[in-house]
Amino acid sequence: MKTMLTILSLASAFHAASALAQPKPAAPVRSGHVAANGVNYYYEIHGKGEPLLLLHGGLGSIELFEPGLPALAKSRRVIAVDLHGHGRTALGERPINLVDMGDDMAAILKSLGLSQVDVMGYSLGGGVGFRLAVQHPAMVRRLVLVSAGFSQDGFYPELLPMQAQVGAAMAEQMKDTPMYKSYVARAPKPEDFPRLLDRMGELMRKPYDWSDDVKKLEMPVMLVYGDSDMFRPEHIVRFYQLLGGGLKDAGWQREHMSRNRLAILPDRTHYDMFLAPALVPTVLPFLDGRKAK
């Protein structure tokens, strides 16, 4: 438990540092709550342009994207959502489940009058975005997955027992962390934090392998990782190969080039990917459908 707590505290420390080092985004154009399958989701809309659904990582909130949100909102209508039990979205009675949240995102988009969006998700949010794309493919035009895997064996083996220890017993030790303070400042029921840790632990202990679903994705997909991510390099390459990339040389005129993309950001870990200045410039050309010259 001590090691996993250290990891979570490190992530929260980066979160706090980003709030100090970066300018805060402008006030949202629109915000509120949308009920989806028994969960009352909080959302914000920033900027104007083509719609982009933005999904944060585990034990975070919309604010996790503060470093990059202003840049995205310059050319995009960003729909940012606090995931189930996170931020301003209360923890319901349901388990925290990626498949269920994929359906929830579809319901939210329909409630907001959106039939198709681009999607960008980080970590937990990447898993939710992946499930949305698999379960509601017509609603996703382009998909960006940041530090997200397709199966549990993608993690380094030493991380699995640490993830298995996540639970309510950690709550007391986390009360001095920025992550906990961020949660209690926003959550409708701050006392639910131990329950959230239990639900997240349940999620992380459940094995999954969605390799067959990867092959079903028909929209363009971009994978983005840090060169020191929590996912093994072999898993990252396999993910790209399942999408049809990295199987042969692209050819002199790019005639064999995959429509999907893989980016490895240098000097980045899973826990600070959302702080990378290169993240938004890396994903925007893909989201805009631009190709290298």
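Are Asp118 and Arg76 buried or exposed? Both are buried, where buried means under 20% relative accessible area, exposed means over 50%, and partly exposed lies in between (1.4 Å probe, protein chains only). This is a predicted model, so to speak of local features takes a pLDDT of at least 70, side-chain atom pairs count only at pLDDT 80 or more, and totals for chains, interfaces and linings use all residues. Residues are numbered from 1 along each chain as its sequence is written, and side-chain values use heavy atoms, with hydrogens and water left out.

**Salt bridges**

- The whole structure turns up 15 salt bridges, each one a side-chain nitrogen of Lys or Arg within 4 Å of a carboxyl oxygen of Asp or Glu.
- Asp118 pairs with Arg76, and their closest N and O atoms sit 2.5 Å apart.
- That pair ties together distant parts of the chain, with Asp118 in strand β5 (residues 117-122) and Arg76 in strand β4 (residues 76-82), 42 residues apart; strands (E, at least two residues) and helices (H or I, at least four) are DSSP runs numbered from the N terminus.
- Arg76 and Asp118 also belong to a salt-bridge network with Arg141, Asp288 and Arg290.
- Lys175 and Glu172 meet in a salt bridge at 3.3 Å, N to O; Lys175 is partly exposed at 37% relative accessible area, while Glu172 is exposed at 57%.
- In the salt bridge between Lys216 and Asp213, the closest N and O atoms are 3.1 Å apart; Lys216 is exposed at 54%, whereas Asp213 is buried at 12%.

**Cavities**

- There are two cavities of 30 Å³ or more. On a 1 Å grid over the protein atoms alone, a cavity is a set of points where a 1.4 Å probe fits but cannot get out, and lining residues have an atom within 4 Å of a point. Points are joined across faces, edges and corners, and the volume is the space filled by probe spheres set on them.
- The largest cavity holds about 70 Å³, and its lining includes Leu59, His86, Met179, Tyr183 and Phe193.
- Helices α6 (178-186) and α7 (193-205) each give at least two residues to that lining, with α6 giving the most, four.
- By class, the lining of the largest cavity has five nonpolar, six polar and one charged residue; Ala, Val, Leu, Ile, Met, Phe, Trp, Tyr, Cys and Pro count as nonpolar, Asp, Glu, Lys and Arg as charged, and the others, Gly among them, as polar.
- The second largest cavity holds about 40 Å³, and Thr89, Pro188 and Asp192 are among its lining residues.
- Its lining splits into five nonpolar, three polar and two charged residues.

Note on methods: 1 Å grid on protein atoms, 1.4 Å probe; cavity = no way out; pocket = protein on both sides within 12 Å on 5 of 7 lines; lining within 4 Å.
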